[in-house]
Amino acid sequence: MASMDGWDPEQYRRFANERAQPFHDLLALVEPAKFLRAVDLGCGTGELTALAADRLEIEEILGIDHSAAMLGAASLHATPSVQFSHGDISAWSSNHEHDLILAAASLQWVPDHGEVLRRWTGALAPGGQIAVQVPANADSPTHRVASRLAAAEPYLSAFGIAGPPVDPVETNVLRPEQYAQLLYDLGFERQHVRMTVYPHVLPSSRDAFEWVKGTTLTRFKTRLSEELFHRFLVDYEHQLLDELGRHEPHFFPFRRILIWARLSQA
Ligand SMILES: C[S@@+](CC[C@H](N)C(=O)[O-])C[C@H]1O[C@@H](n2cnc3c(N)ncnc32)[C@H](O)[C@@H]1O
């Protein structure tokens, strides 16, 4: 089901295997510990929240998202120890009550990562861990073509005085060393920050279009009429394929930043 907030769980799930890879890598960074209470911020369709609970033997995990459609899909994974709730991850915090904070492919949607990470850190108990993954591919054709098209007519006028929605990855995501500095300044005892290129091989170049339709293009869906969004997609696909070339299969390198840190026990 597509939704008013632009997210469509079915479209998002089309590349579930590719999207799960960075999540597995993120979980591999988490150190074994007794996880009484954890949170998955921007949990999306919830499969990965449930997987984390199982893999890390978490007693209680809450997946938080602001998309009604994504939460609807996530509810299928709810159990007594895996729960889901509506909320804004940029405002979320708790009073040192959490042992683990996960945020996979969600932090890029909100601005001011220094402030948000400070708030999230305040939610960690002593010895608590944070594991975050963000895309870092704002300079890739999928993102460049979207921004270029949105700045051209007839779309530009349709966005009105506010202008086209900015690319959150370009605007919000910091460099790896900036995240490392933030974690140090926030008092984490240990950390691991790395950039990784995921070498996805998609059946065809057209699948790159299908991929972003379920993610970065959602920001245009909520700002254009249905008819104009449809036209946007047609133009976007055309321009993207001109840029990528038409290949079967298509090599789709995807740069991401993995961030892990742990507070001291004291
Ligand atoms: C790309 S999906 C990632 C889902 C899941 N974590 C995964 O790895 O597959 C990003 C999710 O973040 C959610 N999101 C974006 N901004 C948010 C906000 N400010 N508050 C809550 N959820 C947000 C979206 O609704 C979407 O479900």
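Predicted model: local features only at pLDDT ≥ 70, side-chain atom pairs only at ≥ 80, totals over all residues.
A polar contact is taken here as a pair of N or O atoms within 3.5 Å, where, within protein, one must be able to donate a hydrogen and the other to accept it. Across the interface of domain 1 and domain 2, three residue pairs are in polar contact, with both partners at pLDDT 80 or more.

Several elements contribute to the side of domain 1 that touches domain 2: helix 1 (9-13), helix 2 (16-29), strand 6 (190-202) and strand 7 (250-262) each supply at least two residues. Strand 7 gives the most, with three residues. Sorted by class, this side of domain 1 holds eleven nonpolar, three polar and seven charged residues.

Charged partners also pair up at this boundary, where two salt bridges are found between domain 1 and domain 2. A salt bridge also joins the side chains of Arg255 and Asp139, with an N to O distance of 2.8 Å.

In contact across the interface are 21 residues of domain 1 and 18 residues of domain 2. The area buried between the two domains comes to about 1,600 Å², and carbon and sulfur atoms give 59% of this area.

Note on methods:
Residues numbered from 1 in each chain as written. Heavy atoms only, no water. Contact = heavy atoms within 4.5 Å. Buried area = accessible area lost by both parts, 1.4 Å probe. Salt bridge = Lys/Arg side-chain N within 4 Å of Asp/Glu carboxyl O. Polar contact = N/O pair within 3.5 Å; in protein donor to acceptor, adjacent residues only side chain to side chain. Helix = DSSP H or I, 4+ residues; strand = E, 2+ residues; numbered from the N terminus. Nonpolar A, V, L, I, M, F, W, Y, C, P; charged D, E, K, R; others polar.
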